[in-house]
2 protein chains.
Amino acid sequence: MKNDKKISTPVLRRLPKYYRHLEELSRAGVSKISSKELSKLINVTASQIRQDLNCFGGFGQQGYGYNVDSLRDSLAEILGVTRRYTAIIVGVGHLGQALANHNTLTRSGVDLAALFDISPDVVGSEVAGHVVQNITQAASFCRDNNVDIAILTLPKGEASAVANMLAEAGVRGFWNFANTELSVNHEGVSIENVYMGDSLMKLCYDVSDQSL
Amino acid sequence: MKNDKKISTPVLRRLPKYYRHLEELSRAGVSKISSKELSKLINVTASQIRQDLNCFGGFGQQGYGYNVDSLRDSLAEILGVTRRYTAIIVGVGHLGQALANHNTLTRSGVDLAALFDISPDVVGSEVAGHVVQNITQAASFCRDNNVDIAILTLPKGEASAVANMLAEAGVRGFWNFANTELSVNHEGVSIENVYMGDSLMKLCYDVSDQSL
């Protein structure tokens with residue numbers, strides 16, 4: 001399912017959602033689903049779903065719908081979750097520990113190879129089956145182990161300096177929970193900033209009287 | 001700044017981002033900024049920014065730009081972060097503890113009132129200054145304390161049952177980290193589902209060869 005055209009970012013942001021629902025449907029024993037039924041589940045219009053999936057040649061059959069398992073597998077391949085990625089976590093506070101123990105990594109094809117922290121209270125302790133290493137070891141570890149992704153759960157003041165050091169050591173992707181935009185001076189580096197507060201603010205707006 | 005027209009969801013999803021950047025600019029001592037400069041920082045086109053902010057009457061002055069502090073304060077009021085919301089956390093694993101200790105809550109105007117768990121290993125322990133209570137106490141606590149928001153960091157199999165119980169007890173907003181769509185049978189309940197894996201899959205796609 002190698003596709004030559006570049007997928008637009010809005011489509012790409014919806015694919016994991018489709019994938020997630022198809023995984024659940026498959027686990028529930030559902031073998032086929034129409035774009036209309038999928039639309040109700042996912043809260044995306046049926047025409048949007050058809051249009052998104054047509055970007056890759058389309059998988060549905062008129063009057064039959066989508067084969068759940070084969071669509072799931074195709075999306076997995078497109079998203080690249082069938083490949084394996086090597087990741088490290090930098091910053092082993094509560095959030096770092098939560099991510100280390102979360103099945104999100106495995107589900108996305110990400111293997112956690114090591115954890116790093118700066119605090120002597122944490123370095124040497126065991127988290128998710130790994131002994132936490134000193135941050136000073138991170139760059140050489142990434143070089144030696146071809147680390148693809150660094151998960152940054154460290155204070156915002158240190159995030160960009162650490163990211164630059166790791167990009168220098170070959171890390172190509174940053175999943176950034178430091179609540180700040182990373183400034184990384186390397187070509188070909190991808191960054192996903194996660195601002196958990198944004199969705200909480202949206203929720204606060206929704207529950208406030210202003211939304212009535 | 002009470003606005004009568006309903007703000008569309010796409011605009012509403014961008015406002016916390018504007019707010020976040022304006023907070024950072026203000027902290028950095030910047031007093032005014034043009035939509036063009038803001039555009040570069042935020043990665044949203046200048047015309048989109050002007051259009052979004054015009055929804056509320058517009059704050060900029062031609063040839064001057066936006067006053068950072070006053071725009072930040074206006075957005076805070078629109079988003080409702082100047083109000084206070086009372087929240088509980090249900091599920092005190094690593095993620096629940098991370099959120100309890102995260103400044104995201106305070107920044108969004110959310111006061112954590114209590115934490116609940118089902119496990120005897122966790123109930124009675126202290127997290128973020130609160131003694132974790134048994135989940136069986138959650139509904140009466142919400143009723144007695146007018147809890148607005150429940151933060152769900154519990155296994156997906158239990159999420160909907162717990163959400164329904166809490167909605168019954170008056171909770172109007174759910175910030176849901178249970179990796180499943182909540183099914184809540186109550187009118188006027190708002191739900192923000194957080195799927196952290198979606199942004200990780202997007203990142204995996206970006207670092208994979210397919211994106212080249």
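Chain A of this predicted model averages a pLDDT of 89, and 92% of its residues score at least 70, where pLDDT is the predictor's confidence in each residue, from 0 to 100. For the complex, the predictor gives an ipTM of 0.87 and a pTM of 0.85. Because this is a predicted model, local features need pLDDT of at least 70 and side-chain atom pairs count only at pLDDT 80 or more, whereas totals for chains, interfaces and linings use all residues. Residues are numbered from 1 along each chain as its sequence is written, chains are lettered from A and ligands numbered from 1 in the order in which they are written, and side-chain values use heavy atoms, with hydrogens and water left out.

**The two chains**

Helices (H or I, at least four residues) and strands (E, at least two) are DSSP runs, numbered from the N terminus, and two strands pair if DSSP finds at least two bridges between them. In chain B, an open sheet of 6 strands with parallel pairing has the order β7-β4-β3-β8-β9-β10. Its edges are formed by β7 (133-134) and β10 (190-193) of chain B, each with a single partner strand, so one side of each is left without a neighbour in the sheet.

| Strand pair | Bridges | Residues opposite each other |
|---|---|---|
| β3(B) and β4(B) | 6 bridges | B:Ile89 and B:Leu115 |
| β3(B) and β8(B) | 4 bridges | B:Ile89 and B:Ile151 |

In β3(B), 5 of the 6 residues are buried, so this strand is largely enclosed by the rest of the structure; buried means under 20% relative accessible area, exposed over 50%, and partly exposed in between, with a 1.4 Å probe and protein chains only.

Helix α7 (residues 138-145) of chain B lies across β3 (85-90), β4 and β7 of chain B and runs at about 160° to β4(B). Helix α8 (residues 156-168) of chain B also packs on the sheet, where it touches β3, β8 (149-152) and β9 (173-176) of chain B, and its direction makes about 170° with that of β8(B). Axes here are lines fitted to C-alpha atoms, for helices over the stretch in contact, and angles run from 0 to 180 degrees between N-to-C directions.

In chain A, strands β9 (residues 173-176) and β10(A) pair in the parallel sense over 4 bridges, and A:Trp175 has A:Glu192 as its bridge partner in β10(A). Strand β10 (residues 190-193) of chain A has a covered face with A:Ser190 and A:Glu192, and an uncovered one with A:Ile191 and A:Asn193.

**Core and buried residues**

The largest nonpolar core has 50 residues, and those with the most contacts inside it are A:Ile149, A:Ile151, A:Trp175, B:Ile149, B:Ile151 and B:Trp175; such a core is a set of buried Ala, Val, Leu, Ile, Met, Phe, Trp, Tyr and Cys residues joined through side-chain atoms within 4.5 Å. Leaving aside neighbours within four places in sequence, B:Ile149 is in contact (heavy atoms within 4.5 Å) with residues including A:Leu203, A:Cys204, A:Val207, B:Ile88 and B:Val110.

B:Glu23, in helix α1 (residues 9-27) of chain B, is buried, with a relative accessible area of 14%. Leaving aside its neighbours within four places in sequence, B:Glu23 is in contact with B:Arg72 and B:Arg107.
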